Amino acid sequence: MHQRYLLLLTFLVILFSINTIKAQDGILNGVIRDSIGKPIEGVNISVIGFTNGTSSDNRGRYSLKITPYRDVEIAFSILGFSTQRITIKLTAGEQRNYDPVLKTNITNLSPVNIKAEKARDISTTRIEPRTIEHLPSVSGNFEDVLKTMPGVVSNNELSSNYSVRGGNYDENLVYVNDIEIYRPFLVRTGQQEGLSFINSDLVDDINFSAGGFSAMYGDKLSSVLDIKYRKPEKFAGSAYLSFLGAGFHLEGLSKNEKFSWLTGFRQKSNQFLLKNLDTKGDYKPSFTDYQGLLTYKFSKKTELSFLGNYSSNKYKVIPSTRKTEFGNINEALRFTVFFDGQEVDRYQTTQGALSLTHKVNDKIKLKLITSGFYTKEQEFYDIVGQYYLDELERDLGSSSFGNVAFNRGVGGFLDHARNELKANVTSTEHKGYYTTNKIALQWGLKAQHESITDNINEWQYRDSADYSIVHVPDMPGDSTGGYIGQQIVLNNVVKNKISLSSNRFSGYLQNNWNFETFTINAGIRATYWDLNKDLNISPRASISYKPKWNKKLTIRFSTGLYYQPPFYRELRGLDGQINKNIIAQRSLHFVLGSDYEFLSWGREFKLTSEVYFKKMDNLIPYKLDNTRVRYLAKNNATGYATGLDLRVNGEFVSGIESWASLSFLKTEENLSDDYYYNYYNSDGKQIIKGYTLNDVPVDSIKNYPGNIPRPSDQRLTFSVFFQDYLPKFPSFRMHLNLVFGTGLPFGPPGNDRYKDVLRGPTYRRVDIGFSKIIIDEDKKNTSRLAVINKLKSLWISLEVFNLLQVSNTVSYTWITDVTGRQYGIPNYLTSRLLNLKLQAKF
């Protein structure tokens, strides 16, 4: 049945591709002039709703490829002239001439906006917001589009977490309307995570930098995601409904155009999805999110806006059984568990910000922001499990092939937690902008207060073969035969009550110089934290060069010294204790990149490439457990990250943007106090490796592992987001999201980082969606039904998640038998799933 299903879907994909190859674009060409008949150079000619376009040459001439057999709206726009729009429909291969005449417009765009766009382009990549609308995604989170970008690593489709160029999940800055966004602290798995902060329905502008970003952005080591929410111009809205959740948004503008509002509501439940996991049980997740952006214009120069968010995430599960098969042809094993108990988690977060903006004149703009973030998190669970570890029959000729051959052992466990955390972060910030034709000066000052209370009470109990023992290997001179007593012990006991309060201060100054072929950005940033009295100075600079001999080529270089002062996560070690002497991690970036625009198949494409090197010190080593980053709470490591990122985007299919990304990465770290001993008996035979003692016997050798892979060392990643449609029936569309990544390092639990050199399996994921446009927003809706006639667009989609039915591994559950041997049981992610989704705009 599965094979037939795959063949049918494969046939549909091939059918889309074949029809696309056969299609020929129509061509619209002509000469653009002003009201006195003078040709206009540099006019932007774009297809509304799509990414394709072109511009006029020095004689006003243009030629534009157009998707045949559909009505498309063409816009002719340039600074100083009124935008002209026409609607046209061409057949395949048809050429049509149109010579527009543009009228002078006395309302010019402000130089401030123009220079800000140019300054931003040096270190960031813009992502088209409309591509997110139809990206097949299990989680529905905005961040899924980032996972298709070069340099970005994520091996968990249930989570919004991602790492960039060898960093971890906590090293990424996220801004919405200049407000820094925070994540919950206690989330352990993607099943618990729920909705991320960013609401895709509200997004207007997306910019992303994977390194080498400017001084205006804050204090993280890896990346920046800069989001701007939309400014409503009229009443509008949208809604969606699927098996995984529902949501809607509304926006509007008052009659006097002084007050605007933008709101969004989302509800998500993973219950339908989580039933496909290996662990069966009663899952009751519920995730709710509400956001609002309210703006009031006192005058043309002054406006006040409020951005608010409330999120309530509840996760309850009563597990019943689990059956996981793992290993290889030489050792095939089955792990079976029978559960009792439950887990109940709650995460409630509130974030709000007031922003007052005042334009002193055409050159100076001032901004004052006050914001607050509050989170209340609870993690309660008591899970009892009785497990069997069986070896399976491997003989292909046996009638019992794949069944249990014999039992390796039985055991049990009890996991307990009563963890509660409250955090409150408040800040006041001033930003300033001074812009002329040649410079764009920016500055900022920020004061922040943090208050965190954390009550930790968690432990584990492991029982192997019906009894628990303290297993200590045989040491020289030990007369106990290898076992020191026999007592029941609890594992990984962490109990502590933490109350932490501190203040941070930061500021920056940067400038942009715009020349004919060069754009230079240079700035400096400073931070101070009163908890550890740590002061950091961060200089940053970048240059962009666009040669006259090839206007399609842009070359960029960025460098800077980046600091990441520790937040609460970094201060807390595996034992639950706080180390207040931790200082900021540091990274020196070198990024050399280029953008090259070229024509292929008569359509425009862009090739982006970046090679980078990051030298890091004062690193805080960490262990990665599913989505949770667990720090060792010591600045005892140095490291590096180097690699190459490639991305090509454009119209692989006429009128629709797609892209492909390829990344190579190598990142390692060296812990200064990471070592182990090899012990030998009197005959010189090694009897134990990797056992550390305070009193070192004479017959031992101390070993230093040196450089070891960092937990995010994914050597190769490849991703594709591809869109297609049937040429004669363009309302039928296909959206493909493919992600491939080599295995990540992992190791057994504990503080010993040198053991984390095992490699997990590759991550392979293909999600595909088939859509039918019932109402096209690029066409006039002429329905006789009044309700339907008010809709701007209406889509229905069938999504197939994990098309190839690959069992991807997100983490490992570790068990130990009575001989001390450890087994890593893979925790698999979601299997194949169908989802039906309805989307509407009005």
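Reader: Which strands each supply at least two residues of the nonpolar patch?

Author: In this predicted model, strand S45 (793-801) and strand S48 (833-841) each do so. S48 contributes the largest share, three residues.

Reader: What makes this set of residues a nonpolar patch?

Author: A patch takes residues with over 30% relative accessible area and no salt bridge, and nonpolar side chains are joined within 5 Å. Leu-241, Phe-243, Phe-272, Ile-774, Ile-796, Leu-798, Leu-834, Leu-836 and Leu-838 form such a patch on the surface. Together they have about 760 Å² of accessible area.

Reader: Why is Leu-241 called exposed?

Author: Exposed means over 50% relative accessible area. Leu-241 has 54%, and is therefore exposed. Leu-241 lies in strand S17 (residues 236-242).

Reader: What makes a set of residues a nonpolar core, and which residues touch the most other members of the largest one?

Author: The residues of a core are buried and are joined through side-chain atoms within 4.5 Å. The largest nonpolar core has 31 residues, of which Phe-142, Ile-198, Phe-208, Leu-225, Ile-227 and Tyr-229 touch the most other members. Strand S13 (172-176), strand S15 (203-209) and strand S16 (223-229) each supply at least two residues of this core. Apart from this core lies another, of 24 residues, among them Phe-185, Phe-373, Leu-421 and Ile-582.

Reader: What does Ile-198 touch, not counting residues up to four places away in sequence?

Author: The residues that Ile-198 touches include Phe-142, Val-174, Leu-225 and Tyr-229, as well as Glu-143, Arg-266 and Gln-291.

Methods:
Residues numbered from 1 in each chain as written. Predicted model: local features only at pLDDT ≥ 70, side-chain atom pairs only at ≥ 80, totals over all residues. Heavy atoms only, no water. Patch = residues over 30% accessible without salt bridge, like charges linked within 9 Å, V, L, I, M, F, W, Y side chains within 5 Å. Areas by Shrake-Rupley, 256 points an atom, 1.4 Å probe, with all protein chains shown as cover. Salt bridge = Lys/Arg side-chain N within 4 Å of Asp/Glu carboxyl O. Helix = DSSP H or I, 4+ residues; strand = E, 2+ residues; numbered from the N terminus. Buried < 20%, exposed > 50% of the residue type's maximum accessible area, 1.4 Å probe, protein only. Contact = heavy atoms within 4.5 Å.
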